[in-house]
Amino acid sequence: MKYLQIILILFVSVTITESQWVSQSSGTTNYLTNIFFVNANTGTAIGISGTIRKTTNGGLNWFTQTVPSDHLFGIYFINETTGFISGDAVFYKTTNGGDTWSNPGAPVRLHRSIFFIDENTGYTCSGVGAIDKTTNGGFNWLQQTSGTTQDLNNIKFSDVFTGYIAGHNEIILKTTDSGSN
């Protein structure tokens, strides 16, 4: 019976230890809004006042990357070098892991969430049912019809054709033709 109690105590201890989150310091006091990891070590966190923090060692250390921007909300990386961030009427692209960010062109509205299929094809969503699509890496954006005026908060695609958007008031939108309908 004594051995059974010891085994139970060890099992509970291991289970509790394995399920805990560990706090890591980002090195900023700014409000962070989103985070994206391309692998176990390389990730980028974004936030208000143009805050960009990057790690290359799994979050142990974070260093600053900057853009001349206001609040940032959406982030997506294709790989370790090519990524996109968006926010209050801004859109930026990097091709060198965030060392520099360029503004290839963006619609003049808020972008809460972004998702890219590849380096050229991407989508954003935001308030009042706004959905935009680019097929040239963010240089030009085409507005798409969502059929709603609800605020849209997050966009994801499971493949080239099938995408989902979640928004206010329990709304979920789905496309099966790359957003054409």
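Before I start, one cut-off: I call a residue buried when its relative accessible area is under 20%. I also keep in mind that this is a predicted model.

**Entry 1: a threonine in a loop.** I looked up threonine 162, which sits in the loop between β12 (152–157) and β13 (163–167). Is threonine 162 buried or exposed? Its relative accessibility is 13%, so I count threonine 162 as buried. I then listed what threonine 162 touches, leaving out residues up to four places away in sequence: Lys156, Phe157, Lys174, Thr175 and Thr176.

**Entry 2: strand β6.** Next I went to β6, residues 83–87. How many of the residues of β6 are buried? I find 5 of the 5, so this strand is largely enclosed by the rest of the structure. I checked the directions too: Gly83, Ile85 and Gly87 point one way, Phe84 and Ser86 point the other way, and all are buried.

**Entry 3: the partners of β6.** Which strands pair with β6? I have β5 (residues 72–77), antiparallel to β6 and joined to it by 5 bridges. In that pairing I noted glycine 74 opposite serine 86. β5 and β6 make a hairpin, with 5 residues between them. I also have β7 (residues 91–94), antiparallel to β6 over 4 bridges. Here isoleucine 85 faces tyrosine 92 of β7. The hairpin of β6 and β7 has 3 residues between the strands, and I marked alanine 89 there for its positive phi near 55°.

Entry 4: I turned to empty space, which shows up when a probe the size of a water molecule is rolled over the atoms. My search of the whole structure gave 1 cavity of 30 Å³ or more. The largest cavity holds about 40 Å³ of space. Among the residues that line it are Phe36, Val38, Lys54, Phe77 and Glu80. By class I get 3 nonpolar, 5 polar and 2 charged residues in this lining.

Entry 5: The largest pocket has about 180 Å³ of space. Its lining comes to 15 residues, and the closest to the pocket centre are Ile131, Ile165, Lys174, Thr175 and Gly179. The elements giving two or more residues to this lining are β12, β13 and β14 (172–175). By class I wrote down 7 nonpolar, 7 polar and 1 charged. One link back to my first entry: Lys174 and Thr175 are among the residues that threonine 162 touches.

Definitions and conventions
Residues numbered from 1 in each chain as written. Predicted model: local features only at pLDDT ≥ 70, side-chain atom pairs only at ≥ 80, totals over all residues. Heavy atoms only, no water. Buried < 20%, exposed > 50% of the residue type's maximum accessible area, 1.4 Å probe, protein only. Pairing = 2+ DSSP bridges. Contact = heavy atoms within 4.5 Å. 1 Å grid on protein atoms, 1.4 Å probe; cavity = no way out; pocket = protein on both sides within 12 Å on 5 of 7 lines; lining within 4 Å. Points joined across faces, edges and corners; volume = space filled by probe spheres on them. Nonpolar A, V, L, I, M, F, W, Y, C, P; charged D, E, K, R; others polar.
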